[in-house]
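Have a look at the structure first, then read on.

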Amino acid sequence: MSLPMHDFDGLNRAALAACPELLLRLLPGGRRFGHEFKAGSLAGEKGDSLSINLHTGRWADFATGETGGDLIDLLAKKDRLSLGEARRALAEMVGMGDAAPIRPAAEVIRLPPRDPEWVAMMPAPQEAPEPPTTHPKFGQPEHVARVLNQAGELMHLIMRFPPAGDRDRKMIAPLTYGTLVLKGKAVTGWHWKAPPPQRPLYGLPLQDDAPVLVVEGEVKRDAAARLLPSWSVVSWPGGAQAIGKADWSPLRGRDVVMWPDADQPGAEAAAAVVNVLRSIASEVRAVAPPEGKDGGWDLADAEREGWTGTDVLNHIAPLDPDERDEPPEDPRDEEDRMPFRCLGHDRGLYYFLPQGAGQVVALSARDCHNDASLAVLAPRRWWEGAYPGRQSFDLKAAGDALIQSCHRVGIFDPDRQRGRGVWLDEGRTVVHLGDRLLCDGEEFPPAAFPSRFVYEAARPLNAVPTEPLTDREAAGLLRLCCEVAWDQPERDGRLVAGWAVAAMICGALPWRPHLWVVSESGKGKSWVEDNILRPLLGDLALRVQGKTTEPAIRRALRIDARPVLFDEAETQNRQDAERMQQVIDLSRAASAENGADILKADMGKGSGVVRYSIRSCFYFSAINLAISQAADESRAIVATLTLPEDKELAAAQFASLKAIHAEVMVPGFGNRLLARCLGLVPTIRHNAEVLASAIARNGVSRRTGDTLGVVLACAYSLTSTARLDADSAAAFLGARSWVGNAAKERENDPEWKRALMRLMQYELRFTSGNGRPEVATIAELVSACRAMDPERGVPAETADLVLRRHGIRLMEGGLRIFGHSELAKRAFAETSWAGGWAATLARAPGARRNVNTRYVEMIGGKSVVIPLDAISGGTT
């Protein structure tokens, strides 16, 4: 096949279809990561600086700043060719010239299983036997769909079985080749199992340049394909509930029409499909079923009724391909060309993203029919052109169209809103700077960025990624941080440097650790913040101090992914402690990538709820560490500043620190570090996971592994761009013994033990047998009961009576605590165990609940019993 003179788009599509094999030939040291191909540079060595989007062909070399829009540009820049020369060379490589084409190699992809006993192998290997033609339960199918990929290889089958016997409905059964564990034995072959999510569409491979029709169901797809042989017709597996589990990527850049079934579920499915494809397809819209058709009528019914392809096309009325670049005649049919984006609706409110304002606008139905409200979405001249009326524009028609557009999109999902910061968006690293987005070397207005997420405009941040730091330059930050007078300079310096990198890209990380820097007054906390952290993070950081409250921070962040620098996080009194605990609770909610949002009631909103998605790394500086709960300790890195007692030695160390600071923290260092981090986000995430797993394998909790793994991966990125594997991660940790010590130091006692120790320290006042007032802890009274030695401390009989009067008793090798003990209630008041102390204590090894026990006359009932071994640490 020869290439038309100016068919650049066709050549690029052919080249993308031959990837990643084509790119492996051009860039031998590169590798595929998701939908991106990465190499060290255009010379083809190993590394991550050069990134190529396998869906679009766009590329950027973050080390040199070079960018291109397609693979022709890439080849021209790589081999220093003209565009015409590059076009001809690329055409030969993909078989559109005289040279033999590169074909994607047939390979078996072992998809990661959701069910640990089932691993699908797609496409099915060439040596796989023919699939079975009957189902052991449902018998012979009435329809068989062979699902292929874009290369024409068999991925799996979907069979439809008619009603039979006691079964009064049709059955759909997928058939997939893979390995299934049956009775403890792995059996490889065809199994009546569904493939995992990202399931291929039925109807591939697509015809070149043909418009695409999407229908629901395999039978309807085949009927539609017979009616429209010049179109590519596809359906997705699993029906309306599985739209999100389909792989829609083959439709990227295509003109797509969705034909729904003629009922309410069909309309809802069509709206969902259009919403999914809005950021993928070139054009996408749904047609309404013909008038008078209902009850689920579809294109299979149309074929039975004698419809022709012309009838279907007349109803679809597709755009003329030659006119796609022309201004639309009716803007109401071209939502992608509107100066605003319809985001959906929820409980009587309709949500929009106007390109002008760039912030989400919620309008009521009344507002949608108000010309002042519509002026927020688009200028009057646009409305007058789109909905002409006798005077100005047809306000009623415009409002009705807005409401219906939102209904087609579906329910508004606030989780899709994103504020300022660094994010990961379907494998792309996105920097939201308030007034613009940076992605793949390009700049976008927030409202115009092609994504399923909604990036809102906000106050601009003065952070401009420039030329990325080299390994040597970035390593200077490690050297600087390790020069600070920490209690353990090697450990704390690396952890602080790693946290700074994590804070810079916190929105794109799987886990967000927090940093506490503590010391006596005047020991250097402010110097670290003012001279290292603030210059590094710059405008990205939200800086607060002193009496700042949790609601204020939460409202300032809202949906931003920005680090928070909290100076003077002191707890000098009870009010301060309560205020700081609320801030620490907020930081806890911010840690996990998929952590739950914070919801607050606000009756001024249509739904009565305000949602806050906090995705921040927090920094606290204080004299005293204010962490008291185990859940917060496991998420925090604590670095302690300790100056030498010798003033001359301290002065010499500080002079050395300032000299290194002047050498490293040159103007623009923070922006260049940001540029380096952006290119390494996928590598940092990968290394964080590998390191976290390696740390957790050494006998500590996964949360400890996550916290240290992210910080260490970020610190590692300051000296290397390489990806770690299990062996290299183990070697990395083995060479740093302090990592293991830090991990063990972070491990907390289990909650039952912490609660028990609080109870054991509770003091009781009582009168001894000789009439003297006494004070003893519960632990001392328990010891007195066990010693049975009246000469030592409190006599055993007295201790036993005092405990039993308060609902505590030693009996049959265990400590029994009455479930309604007033003493226990007082001991656990104002703690996290106040409402469920009995259930927490019952988690002790060998403990029992609901054991009836009598303590004194008229006091007794169900109790929790804790073995004495659990109290004494194994010695009775």
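Let's start with Cys506, which counts as buried at 0% relative accessibility (buried means under 20% relative accessible area, exposed over 50%, partly exposed in between, with a 1.4 Å probe and protein chains only). Keep in mind that this is a predicted model, where local features need pLDDT of at least 70, side-chain atom pairs count only at pLDDT 80 or more, and totals for chains, interfaces and linings use all residues. Residues are numbered from 1 along each chain as its sequence is written, and side-chain values use heavy atoms, leaving out hydrogens and water.

**Cysteines**
- The closest cysteine sulfur to that of Cys506 sits in Cys617, 5.0 Å away, which is too far for a bond.
- Cys368 is buried too, at a relative accessible area of 0%, and its sulfur is 6.6 Å from the closest one, in Cys406, again too far for a bond.
- Searching the whole structure turns up zero disulfides (pairs of cysteine sulfur atoms within 2.5 Å).

**The sheet**
- Five strands form an open sheet in the order E1-E2-E3-E4-E5, with antiparallel pairing (strands are DSSP runs of E, at least two residues, and helices are H or I runs of at least four, numbered from the N terminus; two strands pair if DSSP finds at least two bridges between them).
- E1 (31-33) and E5 (66-68) are the edge strands, each with a single partner, so one side of each has no neighbour in the sheet.
- E4 (residues 59-61) and E5 run antiparallel, joined by three bridges; Asp61 has Glu66 in E5 as its bridge partner.

**The helix on the sheet**
- Helix H3 (residues 71-79) packs on the sheet and touches E3 (50-53), E4 and E5 (contact means heavy atoms within 4.5 Å).
- The direction of H3 makes about 35 degrees with that of E4 (axes are lines fitted to C-alpha atoms, for helices over the stretch in contact, and angles run from 0 to 180 degrees between N-to-C directions).
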